[in-house]
Amino acid sequence: RMTEARAAKIAGIADHIPLQKPDLGPEGGPLAVVGWGPTYGPIYQGVRRAREEGYDVAHIHLRYLSPFPRNLGDLLRRYEKILVPEMNRGQLVTLRRSEYLIPGEPLAKVRGQPFKIAEIEAATKAPIDLGVIDRKDLSKEDRLFVYAVACWLTRLDGIVTEAESQALAKLGEALKVPDKPRAIVDGIAQD
(Lines give C-alpha, C1' and ligand atoms only; values in the text may rest on other atoms or scores of the structure.)
Protein backbone atom coordinates (compact mmCIF):
# COMPACT_ATOMS: atom_id res chain seq x y z
CA ARG A 1 0.00 0.00 0.00
CA MET A 2 2.84 2.40 0.82
CA THR A 3 4.53 1.47 -2.45
CA GLU A 4 1.41 2.49 -4.38
CA ALA A 5 1.15 5.77 -2.47
CA ARG A 6 4.81 6.53 -3.15
CA ALA A 7 4.39 5.70 -6.88
CA ALA A 8 1.34 8.01 -7.06
CA LYS A 9 3.31 10.86 -5.47
CA ILE A 10 6.13 10.43 -7.98
CA ALA A 11 3.68 10.30 -10.90
CA GLY A 12 2.06 13.50 -9.61
CA ILE A 13 5.37 15.33 -9.96
CA ALA A 14 4.81 15.30 -13.74
CA ASP A 15 2.08 17.91 -13.23
CA HIS A 16 4.71 20.32 -11.90
CA ILE A 17 7.54 19.92 -14.38
CA PRO A 18 7.70 21.74 -17.73
CA LEU A 19 6.30 20.17 -20.86
CA GLN A 20 8.92 18.66 -23.14
CA LYS A 21 9.87 20.57 -26.30
CA PRO A 22 12.57 19.96 -28.88
CA ASP A 23 15.79 21.82 -28.14
CA LEU A 24 16.32 22.11 -31.88
CA GLY A 25 14.10 21.30 -34.85
CA PRO A 26 10.40 20.66 -35.41
CA GLU A 27 7.84 19.04 -33.11
CA GLY A 28 7.44 16.09 -35.45
CA GLY A 29 9.07 14.68 -38.55
CA PRO A 30 11.26 11.87 -39.81
CA LEU A 31 13.79 11.75 -36.96
CA ALA A 32 14.27 12.85 -33.37
CA VAL A 33 17.55 12.36 -31.52
CA VAL A 34 16.66 11.96 -27.85
CA GLY A 35 19.28 12.34 -25.15
CA TRP A 36 19.83 13.17 -21.52
CA GLY A 37 22.69 14.25 -19.29
CA PRO A 38 26.18 14.81 -20.72
CA THR A 39 25.25 13.84 -24.29
CA TYR A 40 23.69 17.31 -24.79
CA GLY A 41 26.64 19.02 -26.49
CA PRO A 42 27.47 16.37 -29.10
CA ILE A 43 23.79 15.73 -29.87
CA TYR A 44 22.97 19.42 -30.22
CA GLN A 45 25.96 20.14 -32.46
CA GLY A 46 25.49 16.96 -34.54
CA VAL A 47 21.81 17.75 -35.13
CA ARG A 48 22.62 21.41 -35.86
CA ARG A 49 25.15 20.40 -38.52
CA ALA A 50 22.76 17.90 -40.10
CA ARG A 51 20.00 20.53 -40.19
CA GLU A 52 22.38 23.00 -41.86
CA GLU A 53 22.83 20.39 -44.60
CA GLY A 54 19.06 20.10 -45.05
CA TYR A 55 18.28 17.02 -42.97
CA ASP A 56 14.92 17.14 -41.19
CA VAL A 57 15.98 16.10 -37.70
CA ALA A 58 15.16 17.30 -34.20
CA HIS A 59 17.00 17.18 -30.87
CA ILE A 60 15.00 16.44 -27.72
CA HIS A 61 16.98 16.54 -24.50
CA LEU A 62 15.34 15.13 -21.39
CA ARG A 63 15.89 16.86 -18.10
CA TYR A 64 13.39 14.78 -16.13
CA LEU A 65 13.49 10.98 -16.17
CA SER A 66 11.32 9.93 -13.25
CA PRO A 67 8.72 10.83 -14.02
CA PHE A 68 9.03 11.81 -17.66
CA PRO A 69 7.33 15.06 -18.73
CA ARG A 70 3.63 14.34 -19.14
CA ASN A 71 3.60 15.21 -22.89
CA LEU A 72 6.69 13.16 -23.82
CA GLY A 73 4.77 10.20 -25.25
CA ASP A 74 2.64 12.42 -27.50
CA LEU A 75 5.71 14.35 -28.66
CA LEU A 76 7.71 11.22 -29.51
CA ARG A 77 4.80 9.72 -31.48
CA ARG A 78 5.11 12.64 -33.94
CA TYR A 79 8.43 11.29 -35.21
CA GLU A 80 8.92 8.39 -37.61
CA LYS A 81 12.22 7.32 -36.08
CA ILE A 82 13.82 7.94 -32.70
CA LEU A 83 17.55 7.66 -32.14
CA VAL A 84 18.86 7.56 -28.56
CA PRO A 85 22.62 8.08 -28.09
CA GLU A 86 23.67 6.88 -24.64
CA MET A 87 26.90 6.40 -22.77
CA ASN A 88 25.69 3.00 -21.55
CA ARG A 89 23.93 -0.08 -22.87
CA GLY A 90 20.69 1.70 -23.69
CA GLN A 91 18.76 2.07 -20.46
CA LEU A 92 16.88 5.16 -21.68
CA VAL A 93 15.65 3.31 -24.78
CA THR A 94 14.41 0.49 -22.57
CA LEU A 95 12.83 2.81 -20.00
CA ARG A 96 11.11 4.93 -22.66
CA ARG A 97 9.91 1.88 -24.59
CA SER A 98 8.43 0.33 -21.44
CA GLU A 99 6.65 3.58 -20.54
CA TYR A 100 5.25 4.52 -23.98
CA LEU A 101 5.58 1.40 -26.18
CA ILE A 102 7.36 3.55 -28.79
CA PRO A 103 10.30 1.88 -30.51
CA GLY A 104 13.65 3.64 -30.49
CA GLU A 105 17.01 2.92 -31.98
CA PRO A 106 19.86 2.93 -29.47
CA LEU A 107 23.24 4.39 -30.31
CA ALA A 108 25.13 2.97 -27.35
CA LYS A 109 28.72 3.75 -26.46
CA VAL A 110 30.25 1.97 -23.48
CA ARG A 111 33.96 2.62 -24.01
CA GLY A 112 34.23 5.37 -21.41
CA GLN A 113 34.76 8.04 -24.06
CA PRO A 114 32.21 10.77 -24.83
CA PHE A 115 30.38 10.90 -28.13
CA LYS A 116 32.04 12.90 -30.86
CA ILE A 117 29.89 15.39 -32.75
CA ALA A 118 30.71 13.58 -36.00
CA GLU A 119 29.31 10.30 -34.59
CA ILE A 120 25.95 11.91 -33.84
CA GLU A 121 25.90 13.78 -37.15
CA ALA A 122 26.60 10.57 -39.11
CA ALA A 123 23.84 8.72 -37.23
CA THR A 124 21.30 11.45 -38.11
CA LYS A 125 22.11 11.02 -41.80
CA ALA A 126 21.68 7.25 -41.86
CA PRO A 127 18.78 6.27 -44.10
CA ILE A 128 15.45 5.38 -42.55
CA ASP A 129 14.53 1.74 -43.03
CA LEU A 130 11.73 1.71 -45.58
CA GLY A 131 10.46 -1.55 -44.15
CA VAL A 132 8.72 0.45 -41.42
CA ILE A 133 6.21 2.09 -43.79
CA ASP A 134 2.71 1.29 -42.59
CA ARG A 135 0.52 0.94 -45.71
CA LYS A 136 -2.66 -0.29 -44.02
CA ASP A 137 -4.34 3.14 -43.97
CA LEU A 138 -3.02 4.29 -47.38
CA SER A 139 -5.23 3.96 -50.45
CA LYS A 140 -3.68 3.18 -53.85
CA GLU A 141 -3.91 6.87 -54.66
CA ASP A 142 -2.18 7.83 -51.41
CA ARG A 143 0.66 5.40 -52.08
CA LEU A 144 1.11 6.70 -55.62
CA PHE A 145 1.07 10.29 -54.33
CA VAL A 146 3.80 9.49 -51.76
CA TYR A 147 5.90 7.92 -54.51
CA ALA A 148 5.29 10.88 -56.83
CA VAL A 149 6.36 13.41 -54.20
CA ALA A 150 9.53 11.39 -53.55
CA CYS A 151 10.27 11.38 -57.32
CA TRP A 152 9.81 15.12 -57.48
CA LEU A 153 12.01 15.71 -54.42
CA THR A 154 14.88 13.68 -55.87
CA ARG A 155 14.89 15.95 -58.92
CA LEU A 156 14.86 19.29 -57.10
CA ASP A 157 18.61 19.78 -57.42
CA GLY A 158 18.61 18.64 -61.07
CA ILE A 159 20.64 15.51 -60.33
CA VAL A 160 19.34 12.06 -59.46
CA THR A 161 22.13 10.03 -57.89
CA GLU A 162 22.37 6.25 -58.02
CA ALA A 163 21.58 6.13 -54.29
CA GLU A 164 18.44 8.22 -54.87
CA SER A 165 17.36 5.94 -57.75
CA GLN A 166 17.85 2.89 -55.54
CA ALA A 167 15.93 4.52 -52.69
CA LEU A 168 13.05 5.36 -55.06
CA ALA A 169 12.93 1.77 -56.31
CA LYS A 170 12.92 0.52 -52.72
CA LEU A 171 10.18 3.02 -51.81
CA GLY A 172 8.07 1.90 -54.78
CA GLU A 173 8.42 -1.71 -53.68
CA ALA A 174 7.65 -0.89 -50.03
CA LEU A 175 4.54 1.03 -51.10
CA LYS A 176 3.60 -1.73 -53.57
CA VAL A 177 3.24 0.75 -56.45
CA PRO A 178 3.12 -1.25 -59.73
CA ASP A 179 5.81 -0.67 -62.39
CA LYS A 180 3.53 1.04 -64.93
CA PRO A 181 2.29 3.82 -62.59
CA ARG A 182 5.88 4.24 -61.37
CA ALA A 183 7.10 4.77 -64.93
CA ILE A 184 4.35 7.34 -65.57
CA VAL A 185 5.19 9.25 -62.38
CA ASP A 186 8.92 9.12 -63.21
CA GLY A 187 8.19 10.57 -66.66
CA ILE A 188 6.06 13.39 -65.25
CA ALA A 189 8.66 14.21 -62.59
CA GLN A 190 11.37 14.52 -65.29
CA ASP A 191 9.40 17.21 -67.12
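I began with Pro-22, which sits in the loop between α1 and β1 (29–36). Helices here are DSSP runs of H or I with at least four residues, strands are runs of E with at least two, and both are numbered from the N terminus. The model is a predicted one, in which local features need pLDDT of at least 70, side-chain atom pairs count only at pLDDT 80 or more, and totals for chains, interfaces and linings use all residues. Residue numbers start from 1 along each chain as its sequence is written, and side-chain values use heavy atoms, with hydrogens and water left out.

**Entry: Pro-22**

I looked up the accessibility of Pro-22 and found a relative accessible area of 16%, so the residue is buried. The cut-offs are under 20% for buried, over 50% for exposed, and partly exposed in between, with a 1.4 Å probe and protein chains only. Not counting residues up to four places away in sequence, I listed Glu-27, His-59, Ile-60, Leu-75 and Tyr-79 as touching Pro-22; contact means heavy atoms within 4.5 Å. I also checked Val-84, which is 62 residues from Pro-22 along the chain, with 14 Å between the C-alpha atoms.

**Entry: His-59**

From Pro-22 I moved to its contact His-59, which belongs to strand β2 (residues 57–62). Is His-59 buried or exposed? His-59 counts as buried because its relative accessibility is 0%. I noted a polar contact of 3.1 Å between the side chains of His-59 and His-61. A polar contact is a pair of N or O atoms within 3.5 Å; within protein, one must be able to donate a hydrogen and the other to accept it, and residues adjacent in sequence count only if both atoms are side-chain atoms. Beyond its neighbours within four places in sequence, His-59 is in contact with residues including Asp-23, Val-33, Ile-43 and Val-47.

**Entry: helices α2 and α5**

Two packed helices are described by the angle between their axes and the distance between the axes. I recorded that the axes of α2 (residues 40–52) and α5 (residues 117–125) come within 8 Å and cross at roughly 50°. That angle makes α2 oblique to α5. Axes are lines fitted to C-alpha atoms, for helices over the stretch in contact, and angles run from 0 to 180 degrees between N-to-C directions. Under 35 degrees is roughly parallel, over 145 roughly antiparallel, 65 to 115 roughly perpendicular, and the rest oblique. On the α2 side the contact residues include Ile-43, Gly-46, Val-47 and Ala-50, and on the α5 side they include Ile-120, Glu-121 and Thr-124.

**Entry: Thr-124**

I then examined Thr-124 of helix α5. With a relative accessible area of 5%, Thr-124 is buried. A polar atom of its side chain lies 2.7 Å from the backbone oxygen of Glu-121. Leaving aside neighbours within four places in sequence, the contacts of Thr-124 include Gly-46, Val-47 and Ala-50, and also Leu-31, Tyr-55 and Leu-83.

**Entry: helices α6 and α8**

For α6 (residues 140–154) and α8 (residues 179–190), I found axes that come within 9 Å and cross at roughly 35°. Leu-144, Tyr-147, Ala-148, Cys-151 and Trp-152 of α6 meet Pro-181, Arg-182, Val-185, Asp-186 and Ala-189 of α8.

**Entry: Gly-12**

Last, I looked up Gly-12 in helix α1 (residues 2–12). Gly-12 is partly exposed, at a relative accessible area of 26%. Arg-70 is 58 residues from Gly-12 in sequence, and the C-alpha atoms are 9.7 Å apart.
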